[in-house]
Amino acid sequence: MIMKSSTLSKSLFLAAVVLLLSSCVNHPDVPTSFKEAKSLPAIFPDYCNVTVPCNIAPLNFMLPADQYEECVARFTMADGEQQTYGNGVMVQIPETEWLDMLKTSKGKSMKVEVWGQKKGEWLSFRPFEIFVAEEPIDEYLSYRLIEPSYAGWDFMEIAQRNITSFEETQIFNNEITCNDRAKGQCINCHSYQNYKTDNMLFHVRLSNAGTVIVNDGKISKRNLKRDYTISSGVYPAWHPTQKLIAFSTNKTRQAFHTQHPNKIEVFDEASDLILYDVTTDSVSIVSNDSTLLEVYPTWSPDGKYLYYCKSVPLPEELRDKDITLNYQKVQYNLYRRSFDMSSHCFGEEELVYDAASANKSVTLPRISPDGRYLLFAEGQYGCFHIRHADGDIVCMPLDTEAHSRIDLTNFNSEGFADSYPTWSSNGHWIMCSSRRGDGNFSRIYISYFNKGKVEKAFMLPQKDPEHNTFRLKCYNRPEFMVEPVRISVNEFSKVFK
């Protein structure tokens, strides 16, 4: 076969590019003269002694640029093979080489040795390990990218990330369909049925408002407000097998602190629960106690129970007072109702966890895929703990009467807000949005969960280790997905026209 000259030129060009890229990989020699340090290296992100999925993107890291001039890291795999990396103070591993390292170390660990040059002198730090679990993680996750503090609507987007690589793409943004710049547009609350994207949704607020629903791959914009509901749907939860979505309906307010580390308070003046039938476009009431607040529905994996959070009654002397003066008194417990999947009827309310009796408040419940464990966020008060420095994630077994807790010391941060917990589809990885580090920007942290034991959390890897220090956005409502959203931003925008 004779190759055309244009095809040959293209092939030669691509080969040259591959050769150039491969030559850029820096495999430096380890220092021969150094002073031994007794500590682990202060690398960012902190990947010392973590357990990671067997399909995770490269764990690139760096030493502090204001303290070190160079960094060299040597990885020793389970079979004894070694590889070194270093470029300035950064360690960046090519994806193809990292994939081979993961395959070799699956079910075992890599030994990592780090050297740092400081004022012309090399230091050798204590080695650490990266254990590679046999269980993979879901290939995709999605999140909203938003400023950490806001009084109006600036540019925001819902993005998806391939966890096995560094590819990030937009699902939607709030500029493409905003036709009222003065009013602005908010987009939020992306949600999927069973981790898949053929049935999904997200909300658009203010300009061009509506709920964008994908039903078997077909896009529509719905208005969920009815004359008997206090608002359109807000916080969603897809039923695992049926074309049903549980929502809370909320009158949400914000208050901004002038002298308080939490900066913002988000609270509800009213909230109820509804059930939306995607096929019939009908809304039915699940619970609408006018004296209490009901929020954050989530289904059990078998679809037979709806879990949700509900406020406890305020003292009588505070019930008619302005909530902006009493928001710190509002606390939520966790309840559930049985659900008949043939009649779509709910059973009586059952108390699952009494947080208020311990002077706590529970929000954002999530049940593990095997139905055995319950994750939720907990703080002293309120329902928006991503703004509260005392917010932590709690995990409890559901098969015990006593409310024993799984030790999440390795998952939670100390003194920073941790919220939006969720499970991977195989139940072996848990994820949250956390403000650890600087207290302002929430970033994504992941931990290995194995039979009730939780390993040290690690930050979502980035190609450039400094990425999250330069990206001045918060990662909001992270959700695992087993596949990407294949509908483009432009395709989504057509339902607004």
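A residue is taken as buried when its relative accessible area is under 20%. By this criterion tyrosine 327, with a relative accessible area of 15%, is buried in the predicted model described here. The confidence of the prediction averages a pLDDT of 91 over the chain, and 93% of the residues score at least 70. Residues 1-8 have a pLDDT below 50, and this stretch makes two contacts beyond near neighbours in sequence. Residues 14-23 likewise fall below 50, with zero contacts of that kind in the model.

Aromatic side chains form 20 pairs in the structure. In one of these, the ring centres of tyrosine 327 and tyrosine 381 are 5.9 Å apart and the planes meet at 50°, so the arrangement is tilted. The two residues are separated by 54 positions and link distant parts of the chain. Tyrosine 327 belongs to the loop between strand 22 (305-311) and strand 23 (332-340), whereas tyrosine 381 belongs to the loop between strand 26 (373-379) and strand 27 (392-397). Tyrosine 381 is buried, its relative accessible area being 8%. A further tilted pair consists of tryptophan 429 and tyrosine 448, with centres 4.8 Å apart and planes at 45°. Because tryptophan 429 lies in strand 29 (residues 429-434) and tyrosine 448 in strand 30 (residues 443-450), this pair ties together parts that are 19 residues apart in sequence. Both tryptophan 429 and tyrosine 448 are buried.

The charged end of arginine 336 is placed over the ring of tyrosine 305, at 3.8 Å from its centre. Lysine 118 lies over the face of tyrosine 68, with a distance of 5.5 Å from the ring centre.

Strand 21 (residues 294-299) is mostly covered, as six of its six residues are buried. Four bridges join strand 21 to strand 22 in the antiparallel sense. Among the paired positions, valine 295 has cysteine 309 of strand 22 as its bridge partner. The two strands form a hairpin with five residues between them, and glycine 303 in the turn adopts a positive phi of about 75°.

Cysteine 309 is itself buried, with a relative accessible area of 0%. A search of the whole structure finds zero disulfides.

Several loops contain backbone features of note. The peptide bond from phenylalanine 44 to proline 45 is cis, with omega near -10°, and proline 45 is located in the loop between strand 1 (35-36) and strand 2 (50-52). Asparagine 49 is found in the loop between strand 1 and strand 2 and has a positive phi near 60°, although this residue is not glycine. Asparagine 49 is partly exposed, at 43% relative accessible area. A positive phi, near 55°, is also present at lysine 119, which is placed in the loop between strand 7 (109-118) and strand 8 (121-124). Lysine 119 counts as exposed, with a relative accessibility of 79%.

Definitions and conventions. Residues are numbered from 1 along each chain as its sequence is written. This is a predicted model: local features need pLDDT of at least 70, side-chain atom pairs count only at pLDDT 80 or more; totals for chains, interfaces and linings use all residues. Side-chain values use heavy atoms; hydrogens and water are left out. A disulfide is a pair of cysteine sulfur atoms within 2.5 Å. Buried means under 20% relative accessible area, exposed over 50%, partly exposed in between (1.4 Å probe, protein chains only). Rings of Phe, Tyr and Trp (its six-membered ring) pair if their centres lie within 6.5 Å; planes under 30 degrees apart count as stacked, over 60 as edge-to-face and the rest as tilted. A charge sits over a ring if NZ of Lys or CZ of Arg is within 6 Å of the ring centre and within 35 degrees of the ring normal. pLDDT is the predictor's confidence in each residue, from 0 to 100. Contact means heavy atoms within 4.5 Å. Two strands pair if DSSP finds at least two bridges between them.
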